[in-house]
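Trainee: Could we go through this one together, slowly? I would like to learn how to read it.

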Amino acid sequence: EEYDADEAIVEEASDDDAVEVSGSSEIEYDSVLVPSSMQSMGVTLGVMILLRKVDLTDTKIVQYGRFAFLAYIISTQIFFMYVRIQAKRAGNKTQTNPLASLVKSQVDNALKGDTMSNAGKMLGDNDNGNIAKSLTNKFLSSTTTVMEYDISQSKKQSGGMLFNLAFMWFLHFKMNQVQPLFYQTASGLLNFVYSPLFQVYVLGRNLERPFVTPKPENPFMAQEEVVDEESIKEEGGGEEGEENEDGTGDIDDGDSSTESENDAEDEYDSE
């Protein structure tokens with residue numbers, strides 16, 4: 001009896017662990033915020049209108065542009081350092097590779113299609129397919145933690161900002177261009193606020209890793225789709241109207257023929 005009681009306790013503990021694992025696997029993630037095309041266009045047009053109202057040859061305006069761009073670069077670098085510190089402090093060791101199963105299934109289906117279409121070929125082609133499949137599985141089986149992924153993303157974006165700094169230095173000091181300083185500062189701030197790292201470590205949003213940034217909706221494309229749907233409906237209504245007109249024409253022809261037959265019968269009876 002004591003042995004049975006111990007088994008029951010072990011089974012209950014295993015059931016509780018299973019519930020915890022299933023609950024932890026079903027994590028609800030927030031959607032990534034993306035700037036709309038109208039916002040990007042509004043920032044570009046706003047900077048363009050502003051630059052038309054100022055004298056770009058004035059030394060004060062040039063200094064303002066330099067200070068604004070340097071402040072943008074320094075603030076982003078400080079933020080990336082903050083991300084690395086917070087990621088190490090949180091120490092999130094959750095293994096992440098959510099796209100592995102999806103890509104594996106697509107690769108398997110593609111290889112199955114290739115083997116079915118190339119059934120009459122030599123075995124060497126199948127060996128190549130198996131090699132590609134094994135390499136793909138090896139690549140996708142490598143997982144990383146959330147902490148490592150966030151740190152790598154911060155380092156990657158930090159390096160990109162340094163390249164941007166060098167490129168803007170060439171445009172400004174070598175090509176004597178002032179407008180790129182203002183354009184890059186305004187658009188960079190917009191993209192920085194909507195960056196996934198900013199959403200995670202400042203806005204407190206729970207985003208899935210790796211970050212999947214959806215494409216912003218284009219209002220012009222949506223309007224074109226609505227116009228296409230309306231044109232399709234109008235074409236369908238016009239075709240139905242033509243069919244109805246054709247049917248009524250046939251009925252009128254039938255009525256005229258029956259009337260002529262009745263007239264002929266009346267003449268025959270009178271004779």
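Mentor: Let us begin with charged pairs: the structure holds one salt bridge, a term for a side-chain nitrogen of Lys or Arg within 4 Å of a carboxyl oxygen of Asp or Glu. This is a predicted model, in which local features need pLDDT of at least 70 and side-chain atom pairs count only at pLDDT 80 or more, while totals for chains, interfaces and linings use all residues. Residues are numbered from 1 along each chain as its sequence is written, and side-chain values use heavy atoms, with hydrogens and water left out.

Trainee: Which side chains meet in that salt bridge?

Mentor: They are those of D150 and R209, with 2.8 Å from N to O. The pair links distant parts of the chain, since D150 is in helix 6 and R209 is in the loop between helix 8 and helix 9 (219-270), 59 residues apart. Helices here are DSSP runs of H or I with at least four residues, strands are runs of E with at least two, and both are numbered from the N terminus.

Trainee: Is D150 buried or exposed? And what about R209, buried or exposed?

Mentor: D150 counts as buried because its relative accessibility is 1%, and R209 is buried too, with a relative accessible area of 10%. Buried means under 20% relative accessible area, exposed means over 50%, and partly exposed is in between, using a 1.4 Å probe and protein chains only.

Trainee: What is the peptide bond from R209 to P210 like?

Mentor: That bond is cis, with omega near -5°, and P210 has its place in the loop between helix 8 and helix 9. Most residues other than glycine have a negative phi, and most peptide bonds are trans.

Trainee: Which residue has a positive phi although it is not a glycine?

Mentor: N176 does, with a phi of about 55°. N176 is found in the loop between helix 6 and helix 7, and it counts as exposed because its relative accessible area is 62%.

Trainee: Changing topic, how many residues does the largest nonpolar core have?

Mentor: The largest nonpolar core has 22 residues, and those with the most contacts inside it are F69, F79, L197, Y201 and F211. Such a core is a set of buried Ala, Val, Leu, Ile, Met, Phe, Trp, Tyr and Cys residues joined through side-chain atoms within 4.5 Å. Helix 3 (59-90), helix 6 (146-174), helix 7 (179-193) and helix 8 (196-201) each supply at least two residues of this core, and helix 3 gives the most, with seven residues.

Trainee: What is L197 in contact with, leaving aside its neighbours within four places in sequence?

Mentor: Its partners include F79, F80, V83, F211 and also D150, where contact means heavy atoms within 4.5 Å.

Trainee: And Q184, where does that lie?

Mentor: Q184 lies in helix 7 and is partly exposed, with a relative accessible area of 23%. Not counting residues up to four places away in sequence, Q184 touches F69, Y72, N164 and M168.

Trainee: Finally, how many helices and strands does the protein chain have?

Mentor: The secondary structure of the protein chain comes to nine helices and two strands. Buried residues make up 20% of its 271 residues, and among contacts between residues at least 6 apart in sequence, 85% join residues at least 24 apart.
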